[in-house]
Amino acid sequence: MHPSAIGFACLIAITAAACAPSADFDGTSGRLVRTSNETLVQITEERIGGITGDTRYGSKAIEAALPGFTTEGIQTAVENNTEWALAAFNSDGFQVLQVFKGQNGKVRSVHGVTHHLQGPNGERIGMTFAEIGSSRADCRVGKNLWRGMAICRSNGHPNVELVYAIPGYQGPFDRLPAENDLFDAELQRILWTPKG
């Protein structure tokens, strides 16, 4: 799939599948299969790769913060609507990040969308709720375009959130299922917001 089409595919499939073009889906289980654990971007509270709260929103600034990456404008789904973002692609053409503009001309938030990045506690796209060790008490139910998904705080990192799809969940969608029903939920996105 051409990189510019990946963002559109994510918009269509946001509630059903991870937007990770560098991964494969197992044809029998429908689960995301991590084909490699190479880490292209590390997420901490202070930064996501080289992007910090001081990074200006724009192709040149983002590419400077992520050496070897290129950017392209895409339209993608966030929780309450769709909006334009800059997608960051590695040298192999895999979409790794989606970068969103803040009102101050700086980066407002960044979404990690492939297993080739690692969250502050080792989280990777495609891991399950149980593998990561998330707790239902740290989660809320998604709304609108992320309806029926679990949105959880990364343990010990208040500006990092984990967005899980819950396979087979039939609702009700205004609240989370019981904790044992979340164990197989799969991480779809890692959301980073600058501190402060």
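Two strands count as paired if DSSP finds at least two bridges between them. Keep that rule handy as you look at this predicted model.

β9 and β10 run antiparallel and are joined by 3 bridges, so they pass the cut-off of at least two. β10 and β11 also run antiparallel, with 5 bridges between them. Here's how the pairings look:

| Strands | Bridges | Direction | A bridge pair |
|---|---|---|---|
| β9 and β10 | 3 bridges | antiparallel | Val141 and Ala150 |
| β10 and β11 | 5 bridges | antiparallel | Ser154 and His157 |

β10 and β11 make a hairpin with 2 residues between them, and Gly156 in that turn has a positive phi of about 85 degrees. Is β10 enclosed or open? With 4 of its 5 residues buried, β10 is largely enclosed by the rest of the structure.

Next, the disulfide. The count comes to 1: Cys139 and Cys152, with sulfur atoms 2.0 Å apart. Cys139 sits in β9 and Cys152 in β10, so the link ties together parts that are 13 residues apart in sequence. The link is right-handed, with 105 degrees about the S-S bond, and both cysteines are buried.

Nonpolar side chains in soluble globular proteins tend to be buried together. Here the largest nonpolar core has 33 residues, and those touching the most other members are Ile48, Ile51, Leu97, Val110, Tyr164 and Ile190. Elements giving it two or more residues include β9, β10 and β11. What does Ile48 touch, leaving aside residues up to four places away in sequence? Its contacts include Leu66, Leu97, Val110 and Trp192.

Conventions: Residues are numbered from 1 along each chain as its sequence is written. This is a predicted model: local features need pLDDT of at least 70, side-chain atom pairs count only at pLDDT 80 or more; totals for chains, interfaces and linings use all residues. Side-chain values use heavy atoms; hydrogens and water are left out. A nonpolar core is a set of buried Ala, Val, Leu, Ile, Met, Phe, Trp, Tyr and Cys residues joined through side-chain atoms within 4.5 Å. Buried means under 20% relative accessible area, exposed over 50%, partly exposed in between (1.4 Å probe, protein chains only). Contact means heavy atoms within 4.5 Å. A disulfide is a pair of cysteine sulfur atoms within 2.5 Å.
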